[in-house]
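Here is a short briefing to read with the model open beside you.

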Amino acid sequence: MKAAKFIQPGEIRIEDAPMPTIEKPTDAIIKMVRASVCGSDLWWYRGISEREHGSGTGHEGIGIVESVGSAVKNVQPGDFVITPFTHGCGHCAACLAGFDGNCMNREPGINNGYQAQYLRFSNASWALVKIPGQPADYSDDMLNSFVTLSDVMATGYHAAATAEVKPGATVAVMGDGAVGLCGVISAKLRGATRIIAMSRHADRQKLAREFGATEIVPERGDEAVQHVLDLTDGTGVDTVLECVGTEQSVDTATKIVRPGAVIGRVGIPQKAEMNTNELFYNNTGLRGGIASVTTYDQAELLQAVLDGKINPGKVFTQQFSLDEIQAAYEAMDHRQAIKSLLLIDA
């Protein structure tokens with residue numbers, strides 16, 4: 001089969017790879033239909049983080065169940081599914097508490113290799129999310145939205161859920177990548193009436209507005225803090241969805257909240273330490289982490305897509321074949337695409 005492999009920073013290559021097989025009774029083999037490139041993939045693509053050369057890439061997608069292990073009861077061959085990156089088992093303490101992103105029975109290293117024709121998926125019985133019907137039953141726009149439910153839409157929602165966004169809230173969203181834009185969708189879905197998108201790129205500002213942002217703040221650092229305070233008459237916002245992870249983004253988030261506010265942090269931390277003293281003195285809550293993808297998809301997000309309430313697939317602004325994987329990464333690396341879609345078995 002064809003599979004994307006990491007060669008070195010700046011280079012991804014399609015290679016011939018052995019077909020995956022059922023290794024555990026809880027496994028399923030998925031024939032991938034669509035996949036995508038995530039902003040977090042750019043960390044190792046740019047050489048910012050380490051990655052084993054020759055390893056499989058990607059952790060987002062949708063596909064058709066090809067075969068299942070003997071312990072898999074909730075899906076069967078032929079089912080159309082979302083393949084969450086979280087691989088929750090559904091029965092450990094973390095999954096039962098609603099945090100399948102921290103599943104205590106997740107196989108190390110399993111959430112890679114989605115940018116391929118076939119995928120071995122662990123904890124398949126609970127973690128896979130069944131979509132009614134088959135891919136041919138849906139429009140391209142709907143299929144693209146299903147892809148986002150494997151990661152970015154659920155991650156944006158995790159920011160809003162952990163920040164406790166409530167109806168009528170004023171929310172600031174840090175980050176205008178796919179996760180931040182999905183955070184805007186999530187804030188609106190949870191009833192926020194003012195959504196301030198922190199964005200300085202025109203194409204992303206336009207999409208943020210379409211998704212529900214009511215105001216745009218293009219500045220960074222102290223200027224951004226002042227702009228948000230001016231918009232809120234000096235009070236600050238009720239919640240912040242921090243979808244970047246940089247030191248500056250986290251610092252800004254702590255400075256634009258009112259006393260007693262909550263920050264939902266889903267941007268992967270880019271610095272090992274953080275001064276939490278300001279949080280103490282402002283009674284600011286800090287939540288967030290790895291998204292609960294299966295939990296949110298099953299509870300709300302899949303139905304919201306099926307009902308047409310949300311259309312997160314609009315974050316895909318360019319599409320590529322699997323053979324064009326290098327171009328897909330380059331488009332995101334050079335900010336030519338907000339998010340790159342991969343058509344594997346269209």
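Thr-284 is buried, because its relative accessible area is 10%, under the 20% limit. Bear in mind that this is a predicted model. Thr-284 sits in the loop that runs between helix 10 (277–281) and strand 13 (285–288).

- The side chain of Thr-284 makes a polar contact of 3.0 Å with the side chain of Asn-282.
- Once neighbours within four places in sequence are set aside, the contacts of Thr-284 are Val-257, Ala-261, Ile-263 and Leu-279.

**Two non-glycine residues with positive phi**

- His-87 is not a glycine, yet its phi is positive, at about 55°.
- You will find His-87 in the loop between strand 5 (80–82) and helix 2 (93–96).
- With a relative accessible area of 0%, His-87 is buried.
- Asp-233, also a residue other than glycine, has a positive phi near 55°.
- The loop between helix 8 (221–231) and strand 11 (237–242) holds Asp-233.
- Asp-233 counts as exposed, because its relative accessibility of 74% is over the 50% limit.

- Gln-117 lies in the loop between helix 2 and strand 6 (118–121), and at 28% relative accessibility it counts as partly exposed.
- How far apart in space are Gln-117 and Lys-2, C-alpha to C-alpha? The distance is 5.8 Å, while in sequence the two are 115 residues apart.
- A polar atom in the side chain of Gln-117 lies 2.8 Å from the backbone nitrogen of Lys-2.
- Not counting residues up to four places away in sequence, Gln-117 touches Met-1, Lys-2, Ile-30, Lys-31, Met-32, Leu-322 and Ile-344.
- Ile-344 belongs to the segment after strand 15 (340–343) and is buried, with a relative accessible area of 16%.
- Beyond four places in sequence, the residues that Ile-344 touches are Met-32, Val-33, Arg-34, Ala-35, Tyr-114, Ala-116, Gln-117 and Leu-322.
- Ile-344 and Arg-200 are 144 residues apart in sequence, and their C-alpha atoms are 33 Å apart in space.

**Arg-265 in strand 12**

- Arg-265 is part of strand 12 (residues 257–265).
- Is Arg-265 buried or exposed? At 18% relative accessibility, Arg-265 counts as buried.
- Leaving out residues up to four places away in sequence, Arg-265 touches Glu-242, Gly-245, Val-250, Met-274, Leu-286, Arg-287, Gly-288 and Gly-289.

**Helix 5 against helix 6**

- Helix 5 (residues 152–162) packs on helix 6 (residues 178–189) at an angle of about 55°, and their axes are 7 Å apart.
- Helix 5 and helix 6 are therefore oblique to each other, and their crossing is right-handed.
- From helix 5, Val-152, Met-153, Thr-155, Gly-156, Tyr-157 and Ala-160 take part; they meet Ala-178, Val-179, Cys-182, Gly-183, Ile-185, Ser-186, Ala-187 and Leu-189 in helix 6.
- By class, the residues in the contact of helix 5 with helix 6 are 10 nonpolar, 4 polar and no charged.

**Helix 6 against helix 7**

- The axes of helix 6 and helix 7 (residues 202–211) come within 9 Å and cross at roughly 20°.
- That angle is under 35 degrees, so helix 6 and helix 7 are roughly parallel to each other.
- Helix 6 passes helix 7 in a right-handed crossing.
- Leu-181, Val-184, Ile-185 and Lys-188 of helix 6 make the contact with Arg-204, Leu-207, Ala-208 and Phe-211 of helix 7.
- The contact of helix 6 with helix 7 has 6 nonpolar, no polar and 2 charged residues.

**Helix 4 against helix 11**

- Helix 4 (residues 140–148) and helix 11 (residues 293–306) cross at roughly 170°, with axes that come within 10 Å.
- This makes helix 4 roughly antiparallel to helix 11.
- Met-142, Ser-145 and Phe-146 of helix 4 form the contact with Leu-302, Val-305 and Leu-306 of helix 11.
- The residues in the contact of helix 4 with helix 11 comprise 5 nonpolar, 1 polar and no charged.

Terms used. Residues numbered from 1 in each chain as written. Predicted model: local features only at pLDDT ≥ 70, side-chain atom pairs only at ≥ 80, totals over all residues. Heavy atoms only, no water. Axes fitted to C-alpha atoms, helices over the stretch in contact; angles between N-to-C directions. Helix = DSSP H or I, 4+ residues; strand = E, 2+ residues; numbered from the N terminus. Parallel < 35°, antiparallel > 145°, perpendicular 65-115°, else oblique. Left-handed = near helix turned anticlockwise from the far one by under 90°. Contact = heavy atoms within 4.5 Å. Nonpolar A, V, L, I, M, F, W, Y, C, P; charged D, E, K, R; others polar. Buried < 20%, exposed > 50% of the residue type's maximum accessible area, 1.4 Å probe, protein only. Polar contact = N/O pair within 3.5 Å; in protein donor to acceptor, adjacent residues only side chain to side chain.
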